[in-house]
Amino acid sequence: MPVVNGSESTVSLRKSALLQAAADLFAARGYHAVSTDDIGRAVGISGPGVYRHFASKLELLMTLCDAAMDHLLDGSRAIVESADARPAAIAQLVEFHVEFAASERALLAVYLREQRELPVRELRQLRRRQREYEGVWCEAISAEHGDLAELDVRAVVKVMLSMLNGTAHIRDGISRARLVGLLEQLAAGALGGVGIDISSGPATG
């Protein structure tokens, strides 16, 4: 799980392993059906051993949700803040989110389905950051397509991200490469329907 990997210390590697195990188990069974014993067993330690790294199962969930949002916000902001990338920012945002949706399906499933288990304050913060992520997309589209109404841009972004995030519900054995190709085609078609052409793809250096 690249988006939650820390440094290469033994402690960080164990925490990363626990987060990966928690993501896989939460995605497969649901948050309430998984115990800390299950998570510890998945990485070869006891349930109580999990508490050396995380105070609770809830902290594992909060860390996973924050990791997903950190990755999306940091990556998208880096794209739009790059002067060289600006003309192709929309295509690069599509490529970035598609890669995340195809490669981190367990983490995405947890983020989408289990965030409702977060305490009210943490859930509000997470949803505020989600709106910030959507805002990055909206600004990139508006900068290149000022003829589109603001409400239309917001609707396009919400619908397209929901479509791409649908990978969280795919349980068959489709290959990552095939999934990436399908998602990129779907995104290009959805954006093309409102006059946004990303067929030239991201700019290359």
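Biologist: What percentage of the 205 residues in the protein chain do buried residues make up?

Modeller: Buried residues make up 45% of the 205. Keep in mind that this is a predicted model.

Biologist: What pattern does the chain follow along the sequence?

Modeller: The pattern reads α-α-α-α-α-α-α-α-α. The chain has nine helices and zero strands.

Biologist: Why is Val 94 called buried?

Modeller: The cut-off for buried is under 20% relative accessible area. Val 94 has 2% relative accessibility, so Val 94 counts as buried. Val 94 lies in helix H5, residues 89-103.

Biologist: What does Val 94 touch, not counting residues up to four places away in sequence?

Modeller: Val 94 touches Trp 137, Met 160, Ala 187, Leu 191 and Ile 198. Leu 161 is 67 residues from Val 94 in sequence, with 9.2 Å between their C-alpha atoms.

Biologist: And why is Ala 42 called exposed?

Modeller: Exposed needs over 50%. Ala 42 has 51% relative accessibility, so Ala 42 counts as exposed. Ala 42 is found in helix H2, residues 36-42. Leaving aside neighbours within four places in sequence, Ala 42 is in contact with Ala 21 and Leu 25. From Ala 42 to Leu 18 the C-alpha distance is 8.0 Å, across 24 residues of sequence.

Biologist: Which residues of the largest nonpolar core touch the most other members?

Modeller: That core has 64 residues. Phe 26, Ile 39, Leu 64, Val 94, Tyr 133, Trp 137 and Leu 191 touch the most other members. Helices that each supply at least two residues of this core include H1 (10-29) and H9 (176-192).

Biologist: How do you know that this core lies between domain 1 and domain 2?

Modeller: Domain 1 (1-55) and domain 2 (61-194) both give residues to this core, so the core lies between them. As a general point, nonpolar side chains in soluble globular proteins tend to be buried together.

Biologist: Now the largest pocket. Which helices each supply at least two residues of its lining?

Modeller: Helices H4 (57-81), H6 (105-114), H7 (120-144) and H8 (150-164) do. The lining has 13 residues, and Leu 112, Gln 130, Glu 134, Leu 161 and Asn 165 lie nearest the centre of the pocket. The lining divides into seven nonpolar, four polar and two charged residues. The space in this pocket is about 170 Å³.

Biologist: What share of the contacts with a separation of 6 or more comes from residues 24 or more positions apart?

Modeller: Residues 24 or more positions apart account for 70% of those contacts.

Terms used. Residues numbered from 1 in each chain as written. Predicted model: local features only at pLDDT ≥ 70, side-chain atom pairs only at ≥ 80, totals over all residues. Heavy atoms only, no water. Helix = DSSP H or I, 4+ residues; strand = E, 2+ residues; numbered from the N terminus. Buried < 20%, exposed > 50% of the residue type's maximum accessible area, 1.4 Å probe, protein only. Contact = heavy atoms within 4.5 Å. 1 Å grid on protein atoms, 1.4 Å probe; cavity = no way out; pocket = protein on both sides within 12 Å on 5 of 7 lines; lining within 4 Å. Points joined across faces, edges and corners; volume = space filled by probe spheres on them. Nonpolar A, V, L, I, M, F, W, Y, C, P; charged D, E, K, R; others polar. Core = buried A, V, L, I, M, F, W, Y, C linked by side-chain atoms within 4.5 Å. Domains from an automatic or database assignment.
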